[in-house]
There are 2 protein chains.
Amino acid sequence: MALKYSRQRELIKNFLMGRRDHPTAEIVYKNVRQQNPNISLGTVYRNLTLLADRGEIQRLRLGDGTDHFDADISPHYHFICRECGCVQDLRMDAIDGILDGARQHFDGQIAGHITYFYGTCAQCSQGINS
Amino acid sequence: MALKYSRQRELIKNFLMGRRDHPTAEIVYKNVRQQNPNISLGTVYRNLTLLADRGEIQRLRLGDGTDHFDADISPHYHFICRECGCVQDLRMDAIDGILDGARQHFDGQIAGHITYFYGTCAQCSQGINS
DNA sequence: AACAAAATTAGTAACGATTACTATTTTAGT
DNA sequence: ACTAAAATAGTAATCGTTACTAATTTTGTT
């Protein structure tokens, strides 16, 4: 299926590119609705999935039950706060070396790994959100 | 709340201890029902959550939309097959060293990390499941 | 500019995993 | 046996997400 332009998709991607907090579909919806009040939640989900499938954005599954999205597709890691649920970028050297270690004791083909960090973010540590 | 014995909880934990494939709540339910046909799905979920909260079992979130459970609480890693969805243990040296690297460029408190591997399991690689 | 085929949408229904609720039953200490 | 606390079965509700459908938009062609 050839991709056709859609104003909604553009709004969604632009919104995501202006954010660094890895919003959920619901948050994208709430915000994009301010520029296009008629947009539907299904359209947001469909376009986020489409953009992620095309590699234009990243879908993050951080174990909190809802997917987060990131327009920054450069390799980097993520941190999720167990207190407030916020997601933050975490720049560090890639640890792809662990794949070699993993392959040593494993029969199947290991294509990649998912790693993320958790704990208490700076704001919550300082009691700002309490 | 003091914990009281329950036959259902014992069945659930025993079933889990006899498996190495990290079953989902649904699979635990189907199997335990053969020994106790009256057990309800809610009881399975409640007890899996309770056991996980007490640290007697491990809850695995591997991004496939459903939680898996593991009675082996010793430190080890997991692999999930993108073809058949199976989950397998993966023994390798702990990579807690990455926490130090992560902490260097991060303000908050990093308590731990989640890492899992994905790819094609040995069976799927050999076309056994196809 | 009008035409048509394909893609996209809004709106709503459906879905799967999980949690919440409630009346009844079980456990365990007296 | 008596009782309070905990647990259960069964069901309803919730949440995030996907599927469906008729109407609209895009885009290439006349």
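Predicted model: local features only at pLDDT ≥ 70, side-chain atom pairs only at ≥ 80, totals over all residues.
Visitor: What makes the relation between chain A and chain B a two-fold rotation axis?

Visitor: How do you know that the same surface serves both copies?

Guide: By the contact residues. Of those in chain A, 100% recur in chain B.

Visitor: How many residues are in contact, and what counts as a contact?

Guide: The cut-off is 7 Å between C-beta atoms placed from the backbone. On that basis 32 residues of chain A are in contact with 32 residues of chain B.

Visitor: Which elements of chain A supply at least two residues each to that side?

Guide: They are β3 (77-81), α4 (97-104), β5 (109-120) and α5 (122-125). β5(A) gives the most, with 12 residues. By type, the side of chain A that touches chain B holds 17 nonpolar, 11 polar and four charged residues.

Visitor: Why are β5(A) and β5(B) called paired?

Guide: Pairing takes at least two bridges found by DSSP. β5(A) and strand β5 (residues 109-120) of chain B have 11 bridges, in the antiparallel sense. The two strands therefore count as paired.

Visitor: Which residue in β5(B) is the bridge partner of H113(A)?

Guide: F117(B) is the partner of H113(A).

Notes:
Residues numbered from 1 in each chain as written. Chains lettered and ligands numbered in written order. Helix = DSSP H or I, 4+ residues; strand = E, 2+ residues; numbered from the N terminus. Nonpolar A, V, L, I, M, F, W, Y, C, P; charged D, E, K, R; others polar.
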